[in-house]
Amino acid sequence: MPPKTLFEKLWDSHLVHQEAGQPSLLYVDLHLVHEVTSPQAFDGLRMAGRKVRRTDLTIAVADHNTPTWAMSLPITDPIAKAQLDALSRNCEEFGVTLYDRFSPNQGIVHIIGPEQGYTQPGKVIVCGDSHTSTHGAFGALAIGIGTTQVELVLATQCLVQARFKSMEVRVDGRLPRGVTAKDLILGVIGQIGIGGATGHAIEYTGLAVRELSMEGRMTVCNMSIEAGARAGMVAPDDTTFDYMRGRPNVPQGDDFDAAVEEWRTLPTDPGAEYDTVVRIDGAALEPFVTWGTNPGMVVPVTGRVPDPASFEDPGDREAAERALIYMDLEPDTPIEEVQIDRVFLGSCTNSRIEDLRAASEVVKGRKVADRVYAMVVPGSNAIKRQAEDEGLDGIFKDAGFDWREAGCSMCLGMNPDVLQPGERCASTSNRNFEGRQGKGGRTHLVSPQMAAAAAIAGHFVDVREW
Amino acid sequence: MEPFVRVSGVVAPLDRVNVDTDQIIPAQFLKRIERTGFGQFLFYTWRLNADGSPNPDFILNKPGYENTSILVAGRNFGAGSSREHAPWALLDYGIRAIIAPSFADIFHKNCFENGIAPIILPEAQVREIMEKAQAQPGYRLTVDLEHCRITEPDHEGLNIPFVMHDDPETHEFRRHALLNGQDEIDLVLAQEDRIGAFEASRGPYGGVLSVGRNR
Ligand code: SF4
């Protein structure tokens, strides 16, 4: 057999049918559903009198609209409530398991999939959400889809998809102290650009990736979409299996060992070729901060806001000019002089226990700057409980952080957590588009440690010198 | 889905690269549970001032571009989220075709599902159309999907071929579906035997091996 990449193994093993000259028909092992992108899909099923084909492979989560204030308080936005109610009704009617606002294991869909053991190596996973790429950290092919495709998968458990090209992003070397998985992926996006991986599924390889925890790998795969890729993945290894062992919904005991044996066949074979290869020197990466209105507009914390005139491409130059106006920044301003008003520690990129631990180390015994309002939104109720068991909530609260319930929150501002026009935020999320965190809000993407340090200092600081 | 055979209409130049889905439709408008009515929110923060009045500087509000049905934009159009509300908003506003050097993948696919033609042209040709549309408000083009050509109405000036996907086979597949207004779901439901056989063929564990083990 010719050598195959991880991506090829995943694709080929899920081919239900391949007609010459047509997209593949792929089988889906796990379909994650949330309230924002599913109501129209369930409506479509209802109108056509169809059922959900595999309710046992479908899991729904309420996360985007859910308020992060106390669960005892009602939802005040009637349209958000209507959407959440629609999800509950649909799940009830179609027999789909739902993690709603009151479920003890509720959280952001891309957090609880892995946490509850649904996400496993070798699966094809889809969700009506671009950050589905997160699940690729386990050696799964995880693809974000639109609502029409959500309906298709609900009805048929299959996806019609033209094969992606494969890209290896090889990060050699060791990440220096203070440089995180978030910085790694920001560095990749800065290098290849936000359209750099369009049409591709990325596999991250190299020492720096191998040495990442599962949390870190999820952070990296999460932002593959910000490089334009449809999927990001890391081959499964002992780090993966150790994370999974004993979780609910994974095989237990001997079954787990048998599964591991199978999963060990997934990594890319020696000699297999990728369509595109990108190399990054992990040892040369620094803590990054975005300065503009897309995730590719990024510089090291020691750098300066660039001058639009320095961009060769006219489109990039125009975009940089617009971004600086929107962000209210002057060219050549040192990043460390940029003052912030808000800090958001959360989102499916960086709200896992390891992120909260790392950020709490930074804030321990210190106080949030007077000018800053800072909040922590754990990615799931389980993470929140664990953090509370470890006393992290106390550290954050003592420092002046708000400690919230789980959800997407200010990552996209669909719930009441939004930036006010003109406010500047250090955010651990994944998108800094205009208005992403609230109309007129200004977002700088950073790692949890960098966000925590900025909360204390009131401006960006190099966490390596903390 | 409404078939797309030939669309003639006003071309609006949106001379920006990386137009993202948060600009096409901001998140606060994703709470509706219908597929329709999203046109009023299209390019919300660019198109409307803070008080809700039209921003006269935004291209779709300028005289001559009132009845735009074709957008021409910079590379990587539709970057960002998977929200199908983006094509729903474009369609509801009256946009049937988008011309750009490249598209973000999920948005690109979502266009096909909704009868919007995402047209890929080389940068230089996009630039030429952009400049014509900027110089002559009300500039019209015809997108002919049967012959995959873009033409000026009199067939005198511009007359160029186009594709909708870099892969010729995928382009042809999508073209066929658009021409016939064909929904994917019907195609796949017709493969029931194959899907059932595939499910039956798989072993006990996830992955290269099987479904199941989810619960
Ligand atoms: S946390 Fe943000 S990026 Fe992640 S699923 Fe929620 S809204 Fe999307």
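Student: What is the area buried between chain B and chain A, and which atoms give 55% of it?

Tutor: In this predicted model, the area buried between the two chains is about 6,100 Å². Carbon and sulfur atoms give 55% of that area. The contact draws on 85 residues from chain A and 64 residues from chain B.

Student: What makes B:Arg202 and A:Asp29 a salt bridge?

Tutor: The closest N and O atoms of B:Arg202 and A:Asp29 are 2.7 Å apart. The rule asks for a side-chain nitrogen of Lys or Arg within 4 Å of a carboxyl oxygen of Asp or Glu, so the pair qualifies. Across the interface of chain B and chain A, 10 salt bridges are found. The interface also holds 27 residue pairs in polar contact, both residues being at pLDDT 80 or more.

Student: Which helix gives the largest share of the side of chain B that touches chain A?

Tutor: Several helices of chain B supply at least two residues each, among them α3 (85-93), α6 (168-180) and α8 (192-200). The largest share, six residues, comes from α8(B). By class, this side of chain B has 24 charged, 21 nonpolar and 19 polar residues.

Student: Why is the pair of A:Tyr27 and B:Phe198 called tilted?

Tutor: The ring planes of A:Tyr27 and B:Phe198 are at 35° to each other, and the centres are 5.3 Å apart. The centres must lie within 6.5 Å, and planes under 30 degrees apart count as stacked and over 60 as edge-to-face, so this pair is tilted.

Definitions and conventions:
Residues numbered from 1 in each chain as written. Chains lettered and ligands numbered in written order. Predicted model: local features only at pLDDT ≥ 70, side-chain atom pairs only at ≥ 80, totals over all residues. Heavy atoms only, no water. Contact = heavy atoms within 4.5 Å. Buried area = accessible area lost by both parts, 1.4 Å probe. Polar contact = N/O pair within 3.5 Å; in protein donor to acceptor, adjacent residues only side chain to side chain. Helix = DSSP H or I, 4+ residues; strand = E, 2+ residues; numbered from the N terminus. Nonpolar A, V, L, I, M, F, W, Y, C, P; charged D, E, K, R; others polar. Phe/Tyr/Trp six-rings, centres within 6.5 Å; stacked < 30°, edge-to-face > 60°.
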